[in-house]
Amino acid sequence: MKARPDYFGKLEELSDLLQNEQDLVVVGKYFLDNLSDDRNFISAGKLVKDKMIKQVLEEVGKQFVSPDAKITNMLITYIKEFDFYHGPFFLGGKPSSFFYYAKLQIGMVIIIQSMGEDPNTSFVRFRAAKLPGKGVAVIPHNPTIQ
């Protein structure tokens, strides 16, 4: 029997944190510290284009960055076994990253608002789903932003 890759357990833990943890910084830091630079995790996914993900991130940008925030330089990686999307991008010129569990319809955006002497990072948790004929609905998940 083939051993499960180490990142499987990390993705399961991240899923649990994302759904239940009240401190969003804990959730975001878990992703950044345990998965974002894990070579096996990164190589497990395939680069994809996904209109729904882009629409969701644009809506998060409108709600939490500015009404005219644009997405640039986005890479979307998909891991089929977890129905999991993640990747870096710029949101209104701000370095950002995201992860999203499609089956659970829940995700997080991490936005570096400022760097330097007074760094500030926003962690935005959201629920999102396709609405037939209406596009995408993004629903804040309590708590939504820290």
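Asp 33 and Lys 29 sit four residues apart in helix 2, about one turn of the helix. Their side chains meet in a salt bridge, with N and O 3.9 Å apart. This is a predicted model. The count of salt bridges comes to three.

- Asp 33 is exposed, with a relative accessible area of 51%.
- Lys 29 counts as partly exposed, at 42% relative accessibility.
- The N to O distance of 3.9 Å falls inside the limit, because a salt bridge needs the two atoms within 4 Å.

**The pair within helix 1**

- Lys 10 forms a salt bridge with Asp 6.
- The closest N and O atoms of this pair are 3.1 Å apart.
- Both residues belong to helix 1, four residues apart, so about one helical turn separates Lys 10 from Asp 6.
- Is Lys 10 buried or exposed? Lys 10 is buried, with a relative accessible area of 18%.
- That value qualifies because buried means under 20% relative accessible area.
- Asp 6 counts as exposed, at 54% relative accessibility.

- Where do the two partners lie? Asp 38 is in the loop between helix 2 and helix 3 (39-44), while Lys 10 is in helix 1.
- The two are 28 residues apart, and the pair links distant parts of the chain.
- Asp 38 and Lys 10 are both buried.
- Shared partners join Asp 6, Lys 10 and Asp 38 into one network of salt bridges.

**How helix 1 and helix 2 pack**

- Helix 1 covers residues 6-20, and helix 2 covers residues 24-34.
- Their axes are 9 Å apart and meet at an angle of about 165 degrees.
- Helix 1 and helix 2 are therefore roughly antiparallel to each other, since angles over 145 degrees count that way.
- The crossing of the two helices is left-handed.
- Which residues make the contact? Helix 1 supplies Lys 10, Glu 13, Leu 14, Leu 17 and Leu 18.
- Helix 2 supplies Val 26, Val 27, Tyr 30, Phe 31 and Asn 34.
- By class, this contact has seven nonpolar, one polar and two charged residues.

Key:
Residues numbered from 1 in each chain as written. Predicted model: local features only at pLDDT ≥ 70, side-chain atom pairs only at ≥ 80, totals over all residues. Heavy atoms only, no water. Axes fitted to C-alpha atoms, helices over the stretch in contact; angles between N-to-C directions. Parallel < 35°, antiparallel > 145°, perpendicular 65-115°, else oblique. Left-handed = near helix turned anticlockwise from the far one by under 90°. Contact = heavy atoms within 4.5 Å. Nonpolar A, V, L, I, M, F, W, Y, C, P; charged D, E, K, R; others polar. Buried < 20%, exposed > 50% of the residue type's maximum accessible area, 1.4 Å probe, protein only.
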